[in-house]
Every structure is written in structure tokens, then in C-alpha cells.
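These are my notebook entries on a structure I went through today. I kept each entry to what I looked up and what I found.

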Amino acid sequence: IWVNEILPNWESMRSTRRVRELWWQGLPPSVRGRVWSLAVGNELNITPELYEIFLSRAKERWKTFGETGTENDTEDAGASLADREASLELIKLDISRTFPSLYIFQKGGPYHDLLHSVLGAYTCYRPDVGYVQGMSFIAAVLILNLEEAGAFIAFANLLNKPCQLAFFRVDHSMMLKYFAAFEVFFEENLPKLFHHFKSYNLTPDIYLIDWIFTLYSKSLPLDLACRVWDVFCRDGEEFLFRTGLGILRIYEDILLQMDFIHIAQFLTKLPEDITSEKLFSCITSIQMQNSNKKWAQVFASLMKDSKEGDKNHSPALKS
């Protein structure tokens with residue numbers, strides 16, 4: 001049905017109730033990459049040729065860097081030499097830590113060079129963002145579902161979405177607004193747990209940053225993370241925060257018994273036996289509505305009333 005009916009008529013069918021329901025149930029792995037690409041879009045108008053240009057630029061840098069241990073590039077493309085070299089080192093280190101149990105992205109593995117290429121090309125394409133820890137997980141999930149240039153195009157467009165850009169650029173004031181919006185729905189849906197967290201001054205940044213940075217691909221089993229990505233591509237950033245609330249709902253009873261340190265540890269390393277049925281039934285029960293305002297409206301009013309944003313009590317985030 002996806003291949004023969006939906007994909008050929010994507011624009012007219014993507015928003016129909018039938019397609020949205022099928023989408024919620026999880027995309028078939030054979031069409032997952034194509035649907036993600038279409039849903040993420042290509043606002044940046046990146047072509048495979050453009051990817052090749054940035055990839056060859058990245059390879060030049062690695063070569064120079066490899067030969068001399070430093071870059072001799074005089075052009076300053078919006079990032080200092082030291083920053084770019086730190087990026088190259090960090091990419092190397094991060095790739096080795098990406099889905100280590102799969103053994104496919106580590107040195108010598110079949111996807112190691114591919115992941116290196118996509119991340120390297122991105123740092124040349126967006127020197128203003130550079131490489132940020134956690135990006136390797138997002139690129140890796142895309143590489144598992146798309147061919148090389150397609151993965152790069154989806155990666156760059158995904159990271160250009162307002163929520164991802166705010167987090168990867170460590171834009172504190174924007175991040176605080178996202179956390180404040182999250183807390184509105186947290187209190188609405190899970191008031192007991194919300195006040196339990198408040199009593200310990202346990203703020204959302206402690207667990208949400210990691211979840212949002214890697215779009216849950218590091219925190220959840222890979223097949224389940226892909227299901228979350230399916231609906232994230234359908235519903236946008238709101239679903240990332242709804243998923244967070246779904247996770248908190250699953251473990252609400254356990255978390256209510258814990259203190260600050262144990263909650264932080266638990267949410268940083270979630271149990272591995274979490275199932276998609278359980279998570280999605282908990283996500284379904286999360287209502288993204290607060291006194292008739294939906295996520296987008298709550299977020300917009302926080303943006304408008306930036307004075308409120310300044311009063312937010314989340315601690316200053318460490319950059």
C-alpha cells in the first residue's frame with residue numbers, strides 16, 4: 001500500500017486520516033527512509049552534487065590534518081581553526097561510541113567511512129554549527145535507512161528545524177522556552193510526578209537534553225527509536241516532547257519512589273526492556289492540550305512573552 005498507493009500520491013495522501021493512522025502504527029522498514037525524506041523535506045535545496053562538493057572539502061581537511069596534525073586552511077568559513085580541528089577529533093571519537101553493540105559504525109565496520117563522510121561534510125556545510133556530540137546517532141539512523149547523499153540531505157534539513165537548531169547551537173534562551181512548554185504539559189498530564197520532580201528541583205534539562213539531542217536513538221532500543229522517528233516526521237517537534245512524557249508515564253510509579261540522584265540516573269539510562277506497545281499506549285494517553293491550547297500555541301505564547309521566559313527557574317545550562 002505504501003509503495004503502490006501512498007508514495008506515488010504523497011502530497012494528496014500524506015494528511016489523510018487513513019495514512020496518518022497507518023503512519024502511527026509504524027512504517028514498513030522498506031519505505032521508512034523514503035517517507036522520512038519526504039516528510040522532512042529539502043527546504044535547503046541540497047543536491048547530491050552539493051554533498052559531493054562538501055565531502056571533497058572535508059576529505060581535503062582530513063588529509064591536511066592527517067599529514068601535519070593541523071590544518072593549513074587560511075579561509076575562515078565562520079569557525080576558527082581550533083574549533084574545526086576539535087570537530088574533526090570529536091567526530092572520530094563519537095563514531096566509535098555510536099551504537100557500539102551493532103559493531104557496524106566502528107573502525108573497520110561496514111558503515112564507519114559512510115558515517116565519517118556524512119558528518120565531515122556537514123561540518124564543512126555548516127561551520128556555524130560545526131559538530132556537536134550526539135549528531136553521530138542521528139546520522140547513523142539515517143544511514144541505516146537511506147543511501148549516502150539522501151542521508152546527508154535529510155540530516156542537514158532535520159538539523160535545520162527550529163528545535164534541533166536551538167539545541168545543537170546551545171541557544172539557551174530558546175532551550176529554556178522548550179523546557180517551559182514541556183513543563184506545562186508535564187504538569188497537565190502527570191501532576192503528581194511533576195510536583196515530585198519540583199520538590200527535588202529536578203529540571204527537564206537533566207534528562208531531556210540527551211533525549212532531544214539524539215532524537216531518542218541513544219536512549220531507546222533502535223527499533224523503538226525508529227518508531228518514534230516515524231511519528232516525529234509526521235507530527236514534528238511536539239512529538240519529541242510527547243514521547244518524553246510517555247516515558248515518564250511508563251515509569252511514573254517507580255520514579256515517585258526515587259530521590260534526585262536515582263531519578264537522574266534512571267532517566268539517563270532507561271531500562272532496555274521497554275516495548276513499543278507499552279510506550280505508544282502511554283504516549284496515546286498523553287494529551288497535548290492545556291486549557292484548550294495546543295503545543296504550538298503554548299510555545300508561541302512563551303516566545304511572545306519572553307519576560308516569562310526570563311522568569312523560568314531552570315538553572316543556566318552548561319554549554
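Which kind of link joins the side chains of Arg126 and Asp128? I looked this up and found a salt bridge, with N to O at 2.9 Å; the term stands for a side-chain nitrogen of Lys or Arg within 4 Å of a carboxyl oxygen of Asp or Glu.

Before going on, I note that this is a predicted model, in which local features need pLDDT of at least 70 and side-chain atom pairs count only at pLDDT 80 or more, while totals for chains, interfaces and linings use all residues. Residues are numbered from 1 along each chain as its sequence is written, and side-chain values use heavy atoms, with hydrogens and water left out.

**Entry: whole chain**

I recorded 20 helices and two strands in the protein, where helices (H or I, at least four residues) and strands (E, at least two) are DSSP runs numbered from the N terminus. Of the 319 residues, 53% are buried; buried means under 20% relative accessible area, exposed means over 50%, and partly exposed is in between, with a 1.4 Å probe and protein chains only. Among contacts with a separation of 6 or more, 71% are between residues 24 or more positions apart, contact meaning heavy atoms within 4.5 Å.

**Entry: salt bridges**

I noted eleven salt bridges in the structure. Returning to the pair I began with, I found that Arg126 counts as buried because its relative accessibility is 13%, whereas Asp128, at 40%, counts as partly exposed. Asp128 also forms a salt bridge with Arg169, whose closest N and O atoms are 2.5 Å apart. That pair links distant parts of the chain, 41 residues apart, with Arg169 in the loop between helix 10 (162-168) and helix 11, and Asp128 in the loop between helix 7 and helix 8 (135-145). Arg169 is partly exposed, with a relative accessible area of 42%.

I then looked at Glu272 and Lys269, which form a salt bridge with the closest N and O atoms 3.5 Å apart. Here Glu272 counts as exposed at 66% relative accessibility, and Lys269 counts as exposed at 59%. I also wrote down a network of salt bridges that links Arg20, Arg234 and Asp235.

**Entry: helix 7**

How many of the 14 residues of helix 7 are buried? I found twelve, and the helix is mostly covered; among them are Leu115, Val118, Ala121 and Tyr125. Helix 7 covers residues 112-125, and at 1.5 Å a residue it should span 20 Å, which agrees with its end C-alpha atoms being 20 Å apart; the expected span is 1.5 Å times one less than the number of residues.

His112 lies in helix 7 and counts as buried at 11% relative accessibility. Not counting residues up to four places away in sequence, His112 touches Ile95, Ile104, Phe105, Gln106 and Lys107. Ser117, also found in helix 7, is buried with a relative accessible area of 8%. Leaving aside neighbours within four places in sequence, Ser117 is in contact with Tyr51, Leu55, Trp62 and Glu148.

**Entry: helix 15**

I made the span check for helix 15 (residues 237-250) as well: its 14 residues should span 20 Å at 1.5 Å a residue, and its end C-alpha atoms are 21 Å apart, which agrees. Eleven of the 14 residues are buried, so helix 15 is largely enclosed by the rest of the structure; the buried residues include Phe239, Phe241, Arg242, Gly244 and Ile250.

**Entry: helix 11 against helix 13**

At what angle do helix 11 and helix 13 pack? I read about 110 degrees for helix 11 (residues 172-189) and helix 13 (residues 205-213), with their axes 11 Å apart. Axes here are lines fitted to C-alpha atoms, for helices over the stretch in contact, and angles run from 0 to 180 degrees between N-to-C directions. The two helices are therefore roughly perpendicular to each other, a label for angles of 65 to 115 degrees, with under 35 as roughly parallel, over 145 as roughly antiparallel and the rest as oblique. On the helix 11 side I listed Met175, Phe179, Phe182 and Phe186, which meet Asp205, Tyr207, Leu208 and Ile209 in helix 13. By class, this contact has seven nonpolar, no polar and one charged residues, where Ala, Val, Leu, Ile, Met, Phe, Trp, Tyr, Cys and Pro count as nonpolar, Asp, Glu, Lys and Arg as charged, and the others, Gly among them, as polar.
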